[in-house]
Amino acid sequence: MKHSRRRGLTFIEVVIAGAILSAIMLVTLGIMVRVSNDAQTARVDDFNGLKAQELLSRVRREIEFAKLKEILNNHTTLRFQIPVDHDGDLDVTDSSGATEFGYFDIASKPTLNATCELTIDVQNVLRETNGPSLGLGVPEDVYALDLNHDGDRNDVFVQARLKMQILDAGGVATFVAFIDGGLLIAPKPSALTEYDGDVDGDGVNDPLFMVADFSGGEVLNANFSQAARRVTIRTFHGGFTADGAYFMLRKDVDLIRLDQKQ
Ligand SMILES: [Ca+2]
Ligand SMILES: [Ca+2]
Ligand SMILES: [Ca+2]
C-alpha cells in the first residue's frame, strides 16, 4: 500500500516551532527594548553632558585669569579676583609693578578689594524612598528609585544652580547673577547642610570646588599653598529617562589652570 507523502506538521513539531518562534520574538523584543532604552539613556546622558559642559566652560571663562582668594562653605563657594586697571593707567599693574587685583562694581568700575564669588543656590531636593527630608523650604520630590545606583534607597540630593555675585570690600553682595547649573550635590549624612557628600555612592565625597597642586595636579584640601595654581570642579547632573524608570547620573570633572600666581 502506497503511503501518501506526509503533509503538515505533527503536534510536537508545531509546539517546537511555536516555542522557537516565541523565543525569536522574545529575543527580538528584548533587542528592540534594549535599543530603545539605550537610545533613551544616551539622549539623557547627552543632555546631562551638555549641561555640564555649559557650566564648566562658563566657570572656566570666569576664573582662568583669576587669582584665587578662598574656597569655603564645604567646597561649595569659590572667591576670586581678576587683574583690573584700578588706577586707570591702561594696564593692570600699579606704580610699584604689582598686579591690581579686584573686580568690577555694579557700574563696571574696576575696584580693588571687590571680589567675585561663585556659590550654590539650592533649588529643590531629590530624595530616594528612605532619604531624609532636608527641611530647606524648597520643593522635595521622593522617588522609589535608587537614583545614584549605589544599591540603596537612602540617599538625598539637592539640585542647585550656581550663583555668581560681586562682593564689595565689606563682603556685601552688590550684584547677583545666576548660572543655571542643574547641579546635583549630596549633603553629608552626618551634617545635612554640608553639601560636599558622596553623590555617586562610591564611598568618596564629591566636593564641588577643590584646590589642586600645580606640580602634581593632586587635589588638596581647602587650605591652599603658594603652589596651588589649579582648581578642580566636580559636577554631577542627572535626568530621568522618558518613562521615568531610570535616573541617569553623570559626573564631569574639570581641572582649570589659573593664570595668576596665588
Ligand atoms: Ca593700572
Ligand atoms: Ca542610592
Ligand atoms: Ca563619590
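Here is a short tour of the structure, one selection at a time.

Before you click, note that this is a predicted model, where local features need pLDDT of at least 70, side-chain atom pairs count only at pLDDT 80 or more, and totals for chains, interfaces and linings use all residues. Residues are numbered from 1 along each chain as its sequence is written, while chains are lettered from A and ligands numbered from 1 in the order in which they are written.

**Stop 1: the whole protein.** Colour by secondary structure and you get one helix and eleven strands; helices (H or I, at least four residues) and strands (E, at least two) are DSSP runs, numbered from the N terminus. With a radius of gyration of 27 Å, well over the 18 Å that the globule rule gives for 262 residues, the protein is more spread out than a compact globule. That radius is taken over C-alpha atoms, and the rule is 2.2 Å times the number of residues to the power 0.38. A box drawn along the principal axes around the C-alpha atoms comes to roughly 120 × 40 × 35 Å.

**Stop 2: helix α1.** Select residues 11–63. How far apart are the end C-alpha atoms of α1? They are 76 Å apart, which agrees with the 78 Å that 53 residues should span at 1.5 Å a residue. The expected span is 1.5 Å times one less than the number of residues. Now show Val44, Asn48, Lys51, Ala52, Leu55, Val59 and Ile63, which are buried. Buried means 20 or more other C-beta atoms within 10 Å of a residue's own, exposed means 12 or fewer, and partly exposed is in between, with C-beta atoms placed from the backbone. Across the protein, 29% of the 262 residues count as buried.

**Stop 3: strand β5 and its partners.** Select residues 115–128. Strands pair if DSSP finds at least two bridges between them.

- β2 (residues 77–83) runs antiparallel to β5, with three bridges; look for Leu78 opposite Leu118.
- β6 (residues 140–143) runs parallel to β5, with four bridges; here Leu126 stands opposite Asp141.
- β7 (residues 156–167) runs antiparallel to β5, with twelve bridges; Leu126 faces Phe157, and Val122 faces Ala160.

**Stop 4: the β7–β8 hairpin.** Follow β7 onward to β8, which is antiparallel to β7 and joined by nine bridges. Five residues separate the two strands of this hairpin, and Gly171 in the turn has a positive phi of about 85 degrees. Leu167 has Ala173 in β8 as its bridge partner.

**Stop 5: the core.** Show Ile63, Ile120, Phe157, Val158, Ile185, Phe209 and Val231, the residues with the most contacts inside the largest nonpolar core, which has 45 residues. β5 gives the largest share of this core, six residues. Such a core is a set of buried Ala, Val, Leu, Ile, Met, Phe, Trp, Tyr and Cys residues joined through C-beta atoms within 7 Å. Zoom in on Ile185: leaving out residues up to four places away in sequence, Ile185 touches Ile120, Phe157, Val158, Ala160, Tyr195, Val199 and Leu208. Contact means C-beta atoms, placed from the backbone, within 7 Å.

**Last stop: Leu192.** Find Leu192 in the loop between β8 (173–185) and β9 (209–213). Is Leu192 buried or partly exposed? Leu192 is partly exposed, because 17 other C-beta atoms lie within 10 Å. Not counting residues up to four places away in sequence, Leu192 touches Pro132, Leu134 and Pro187.

Conventions
Two residues are in contact if their C-beta atoms, placed from the backbone, lie within 7 Å.
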